[in-house]
Amino acid sequence: MKKLSARRRHPLAALVVLLFALAATGGLYAAFAPAGTAQADSSSQSLAIEEGKKLYAVGCSSCHGLNGQGGTDGPSLVGVGSAAVDFQVGTGRMPAQQPGAQVPAKKNIYSQAQIDQLAAYVASFGPGPVAPTKDQYDTAKGDVSAGGELFRTNCAQCHNFAGKGGALTHGKYAPALDNTSPKHIYEAMQTGPQNMPAFPDSVMPEKQKRDIVAFVRHTAEAPSPGGMDLGSLGPVTEGLFGWIFGLGALIAVAIWVAAHTSKAKKS
Amino acid sequence: MSAASGAASGGAKPSSSRAKPANKAEAAADWADGRLGIYSLAKSNLRKIFPDHWSFMLGEICLYTFIIIILTGVYLTLFFKPSMGEVVYHGSYMPLNGIRMSEAYASTLDISFDVRGGLLIRQIHHWAAILFVAAMLVHMMRVFFTGAFRKPREINWIFGAMLLILGMFDGFMGYSLPDDLLSGTGIRFMEGAVLAVPIVGTYLQMFLFGGQFPGDDIIPRLFTVHVLLIPGIMLGLLVAHLILVFYHKHTQFAGPGRTEKNVVGMPLMPVYMAKAGGFFFLVFGVTSVVSAIATVNPIWAYGPYRPDQVSTDAQPDWYMGFSEGLIRLMPGWEIRAWGHTLNLGVFIPLMIFPLVLVAIWVYPFIEAWVTGDKREHHIADRPRNAPVRTSFGAAWISLYLVLLVAGGNDLFATHFHMSINSITWTMRIAFFVVPVLTFIVTKRICMGLQRRDRDKVLHGRESGIIKRLPHGEFIEVHEPLSPAQLHKLTAHDQLRPVELPAAVDENGVKRKITRSQKLRAKLSRGYFGEEGQIAKPTAEEYREITSGHGHH
Amino acid sequence: MSHDMSEEKLPEHRGSEGHEVAVHDDPFADPGLPPHEVRRTDIDERAARRAERQVALLFTVSMLATIGFIASYVVFPIDQIVFIWPFGHVSSLNFALGTTLGAALFCIGAGAVHWARTLMSDVEVADERHPIEAPEDVRAKVISDFKAGAEESGFGRRKLLRNTLIGSMALVPLSGVVLLRDLGPLPGKKLEHTGWDAATPAKPIKLVSMNTDEPLKAEDVTVGSLVFAKPQGLSEASEGFQQAIAKDAVMLVRIAPEDIKDRPSREMGFDGILAFSKICTHVGCPISLYEQQTHHVLCPCHQSTFDLSDGARVIFGPAGHPLPQLKIKTDADGNLIATGDFNAPVGPSYWERA
């Protein structure tokens with residue numbers, strides 16, 4: 001793979017790049033796909049890359065360059081891997097609509113098949129994090145309490161204790177994780193989209209990522225035993241609720257207690 | 001009781017000339033009176049008159065939430081372990097299974113998940129604390145805007161001020177006890193603030209925490225202060241506050257039959273016993289229902305405290321929010337010289353924090369000095385009739401709100417899609433500008449309302465009925481006010497500005513006019529000059545206009 | 001004296017002696033308490049009985065609610081979750097206990113107030129106020145009593161007694177102050193050093209990942225990633241972990257060396273890997289909101305922002321100085337190691353900090 005990475009910069013015809021990429025992607029799939037799942041054969045894989053290339057030319061190339069080399073409007077996609085594509089396109093962030101402090105998530109316009117084709121094509125630019133398999137982000141296999149501890153060390157500072165998101169500098173923000181799918185949470189940790197730092201396997205092994213995914217999903221779906229969770233945003237919303245509904249109700253009651261009883265009409 | 005009946009039946013000479021008690025209850029009362037003097041005490045108090053107004057019940061909300069806090073707090077101490085000893089949790093709350101935490105945190109989890117009703121009591125305790133401080137602030141504002149702090153109630157104003165600040169700090173300590181990630185961050189802030197104190201900061205920090213942060217002592221120490229020391233002082237102040245309320249008798253708003261020399265309302269026994277006693281149950285009921293439907297301080301979601309972990313949305317409870325705002329607005333100033341560091345980024349907010357509160361607490365004394373008014377006041381002012389005071393109070397509230405917004409700047413940024421840096425800069429400017437603007441605008445509004453009152457007195461109330469005069473002009477019919485309304489709108493005093501004494505006294509000796517005299521005269525002009533109040537209509541003006549116009 | 005001059009400016013006291021005389025001419029005179037108007041319940045026995053029934057109903061509902069509270073306590077399991085619109089998935093026990101207790105209390109209050117409002121007299125009564133100030137003769141008596149007492153005590157005359165009493169009273173609280181000494185140790189140099197201080201070039205300390213508890217190698221930390229580290233040997237289970245981690249926590253980032261603007265900072269790192277204190281220099285929050293594209297790190301507590309590519313310089317917010325940096329290199333096995341303490345005391349500033 002190192003060799004491929006070196007040759008990638010060589011100004012050869014795209015065909016050669018494609019051939020190597022094909023082999024690389026196929027190899028990666030063979031290495032990462034768990035036994036028992038259908039393995040893509042080389043012909044369907046090359047077909048996927050071909051299809052992905054068409055989609056790429058329409059949706060991505062204007063910013064990221066025809067060969068993913070990047071441009072003024074978009075970073076290079078060389079080495080971002082299929083995980084980045086699956087996350088960015090799958091959460092609707094890409095294709096981006098307009099420049100701003102941060103590209104927001106929006107409705108995804110691609111089918112999962114198309115995303116996979118795009119991912120295969122972009123992955124062919126160079127090796128990078130590979131989109132995880134179902135087993136890697138299987139919340140049932142994650143340890144929620146270990147994930148919670150990891151989440152509080154690595155994630156809660158930006159995403160809040162309950163994954164409700166938070167503010168960053170100059171209009172940037174860490175998004176809420178309520179509706180993020182386990183796969184996308186996993187991919188975000190792998191790839192570090194936009195300003196989020198990456199948590200590669202070297203510093204956060206696969207198992208820990210799965211634990212975190214399990215904790216995030218558990219928290220998003222957890223009941224709130226004490227009643228309304230008021231957004232799980234801490235004391236600010238509690239204070240607002242206390243003033244508006246708590247003190248509001250008490251003052252309404254006080255007005256009733258102190259008001260004069262209506263008088264009988266003089267007959 | 002037995003003593004009384006014993007004396008009666010024993011045939012010994014009766015020691016008092018009192019009539020025989022009519023029944024057992026009277027006998028019991030007689031017995032108690034002989035030892036406690038309850039009759040003399042009840043003589044003036046049993047049928048004591050309280051005026052009816054909803055805003056006079058705000059103090060009762062404070063009293064009742066305080067009682068609720070004490071009742072629920074005692075229950076919580078039965079289960080809470082104020083210890084920073086470490087345990088590995090294996091309780092009912094699965095997402096923290098196997099996690100290391102302090103006993104304080106573990107026992108709070110147990111209260112929430114293993115003690116039936118423990119969660120409810122915890123939530124009632126916390127919601128009641130939030131409401132308690134909120135009600136104290138609103139109660140203080142009521143007293144402020146109606147001038148109820150004037151003689152003879154200045155000392156009670158100070159008692160109230162002390163209760164407010166003690167309540168704030170006791171709340172802070174209370175929510176710090178569970179040792180969760182959020183409250184631990186708050187204690188860390190407290191450590192940083194203590195360290196920022198010049199010269200003695202590090203010593204104070206070491207003595208407070210029993211060593212370096214976090215140590216093993218801070219939670220048990222805060223616990224003692226939270227459940228014993230501060231509530232004890234507050235209870236004493238509260239009793240003194242209430243005794244003074246009884247002794248001074250309540251203020252009342254101006255109206256027919258209501259003078260500075262009386263208090264009009266309904267008697268304590270039975271109406272106010274029922275109303276005030278009932279109100280306690282109403283407040284407790286509302287707090288219980290709030291605690292049934294809304295979570296407060298979900299410590300299980302925050303996780304246990306670790307000094308290397310943090311969650312965003314790290315804010316204190318609302319009553320500390322304005323100090324949080326001060327800290328967030330402050331630029332990062334630090335002076336380093338001669339081997340020492342002065343952390344102004346923390347120390348300046350730390351100094352402004354009490355000043356914000358003291359500013360409103362000393363106002364009554366400043367006003368008393370400016371007006372030179374030494375009379376007793378029992379008629380509550382309408383806020384419009386004291387424009388400078390009202391504007392000052394409004395400016396203070398606006399400053400407080402600016403600081404609250406600044407304290408929640410990150411939530412404003414995420415929920416209104418703004419830049420946190422822009423919000424902080426806007427609030428830095430607003431800190432200086434908004435109170436001034438609020439002062440000016442409020443004063444204009446007060447003056448406008450005074451003018452309207454004057455028009456109402458002289459020309460009557462706009463009836464909404466349009467009448468066409470014979471020559472074709474349309475006019476709105478103005479209904480004259482009733483004598484009661486006329487009295488109500490003109491009952492307030494209007495002082496004249498203080499004038500400086502003549503520069504030369506009657507003997508021709510030059511008089512020294514001090515700077516404070518000059519300042520006082522200037523302030524007095526601001527209060528009572530043409531810019532400060534609209535002259536209320538005089539009887540002559542009224543007669544002239546009513547006789548001239550006839551009656552519409 | 002300054003007060004006196006305005007006394008005569010004060011308007012005549014309302015309700016003073018002259019007041020009653022002027023009533024007839026004054027259009028604004030106090031017309032006195034309005035006559036009492038009756039309520040329906042005052043004149044209509046049926047209305048009164050209806051109000052009575054309402055009050056009794058409220059008290060009855062309260063009794064039922066208390067029974068409901070006890071039943072809920074027994075019936076609902078503590079871990080049962082139910083969906084209740086619009087509050088969401090909540091504990092059935094908490095909800096049932098809170099609402100029944102609330103109803104039981106509220107109905108007592110509502111009943112009592114309704115009783116007071118409808119069935120107790122609502123005739124407004126005036127109570128006289130009496131001046132709080134004592135009459136002049138009382139004042140004179142108290143002052144002369146006090147003077148006599150003071151004279152008899154000899155407090156003013158016997159200066160020696162007075163002064164020694166004041167002295168002893170002033171000193172005696174010192175015992176209490178002295179007793180506070182053992183609340184904690186003296187600060188000494190404790191705040192200057194962290195657990196990394198034990199590291200020397202001869203005996204370096206490995207940087208261990210907070211997540212995996214394994215020593216970190218340079219290649220583990222990739223550009224754009226963020227990892228938190230602690231000194232080797234410090235485990236969560238070890239005695240004094242909380243106190244140690246409050247100062248030792250390290251935040252590791254890797255920035256392309258050409259993007260690091262501050263040279264001393266770059267040289268303290270290894271191949272673009274920079275190790276900064278995780279503890280904010282403002283008041284000590286664990287600062288770690290790292291933006292990998294801007295290299296800014298933001299504190300969630302008060303928004304102090306540091307530029308990690310520029311020696312962790314403060315670029316926004318209330319922090320007064322950069323984050324301390326830990327000099328790192330690699331050992332023979334490629335593990336990241338520290339050979340000394342941070343380049344500055346960790347955490348918030350304090351007076352003795354140079």
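Reader: How many salt bridges does the rule find across the interface of chain A and chain C?

Author: The rule finds two across that interface. This is a predicted model, and the values in this conversation are computed from it.

Reader: What makes the pair A:Lys263 and C:Asp122 a salt bridge?

Author: The distance between the N and the O of these side chains is 2.7 Å. The rule asks for a side-chain nitrogen of Lys or Arg within 4 Å of a carboxyl oxygen of Asp or Glu, so a Lys and an Asp at 2.7 Å qualify.

Reader: Which helices of chain A each supply at least two residues of the side that touches chain C?

Author: They are helix H7 (144-154), helix H8 (156-159) and helix H11 (235-258) of chain A. H7(A) gives the most, with four residues. By class, this side of chain A has 20 nonpolar, 15 polar and four charged residues.

Reader: How many residues of chain A are in contact with chain C?

Author: On chain A the number is 39, and they are in contact with 46 residues of chain C. A residue is counted because it has a heavy atom within 4.5 Å of one in the other chain.

Reader: What area do chain A and chain C bury between them?

Author: They bury about 3,300 Å², with 56% of it on carbon and sulfur atoms. Of the area that chain A buries against chain C, 17% comes from A:Gln157, A:Val203 and A:Trp256, more than from any other three residues. The size of an interface is often given as the accessible area lost when the parts come together.

Reader: What are the corresponding values for chain B and chain C?

Author: The area buried between chain B and chain C is about 10,100 Å², and carbon and sulfur atoms give 61% of it. B:Arg116, B:Gln212 and B:Asp308 supply 7% of the area that chain B buries against chain C, more than any other three residues. In terms of contact, 134 residues of chain B meet 101 residues of chain C.

Reader: How do you know that C:Glu124 forms a salt bridge with B:Arg258?

Author: The closest N and O atoms of the two are 2.9 Å apart. Across the interface of chain B and chain C the rule finds three salt bridges.

Reader: Which element gives the most to the side of chain B that touches chain C?

Author: H11(B) does, with 16 residues. The residues of that side divide into 59 nonpolar, 43 polar and 32 charged.

Reader: Why are S5(B) and S3(C) called paired strands?

Author: Four bridges join S5(B) to S3(C). Pairing needs at least two bridges, so these strands pair. They run antiparallel, and B:Val264 stands opposite C:Ala126 in S3(C).

Reader: What is the order of the sheet that holds these strands?

Author: The order is S1(B)-S5(B)-S3(C), an open sheet of three strands with antiparallel pairing.

Reader: What makes S1(B) and S3(C) edge strands?

Author: Strand S1 (49-50) of chain B and strand S3 (125-128) of chain C each pair on one side only. S1(B) and strand S5 (residues 262-267) of chain B are joined by two bridges, and at least two are required, so this pair also counts. In S5(B), B:Pro267 is the bridge partner of B:Ile49.

Reader: Which helix lies across S1 and S5 of chain B?

Author: Helix H11 (residues 268-293) of chain B does, running at about 70° to S5(B).

Reader: Which strands form the open sheet of chain C, and in what order?

Author: Four strands form it in the order S8-S9-S10-S11, with antiparallel pairing. The edge strands are S8 (289-291) and S11 of chain C, and the twist averages 30° from one strand to the next.

Reader: How do you know that S10(C) and S11(C) pair?

Author: Strand S10 (residues 305-307) and strand S11 (residues 313-316) of chain C share three bridges, and at least two are needed, so the pairing holds. C:Thr305 stands opposite C:Phe316 in S11(C). The hairpin of S10(C) and S11(C) has five residues between the strands, and C:Gly311 takes a positive phi near 65° there.

Technical notes. Residues numbered from 1 in each chain as written. Chains lettered and ligands numbered in written order. Predicted model: local features only at pLDDT ≥ 70, side-chain atom pairs only at ≥ 80, totals over all residues. Heavy atoms only, no water. Buried area = accessible area lost by both parts, 1.4 Å probe. Nonpolar A, V, L, I, M, F, W, Y, C, P; charged D, E, K, R; others polar. Axes fitted to C-alpha atoms, helices over the stretch in contact; angles between N-to-C directions.
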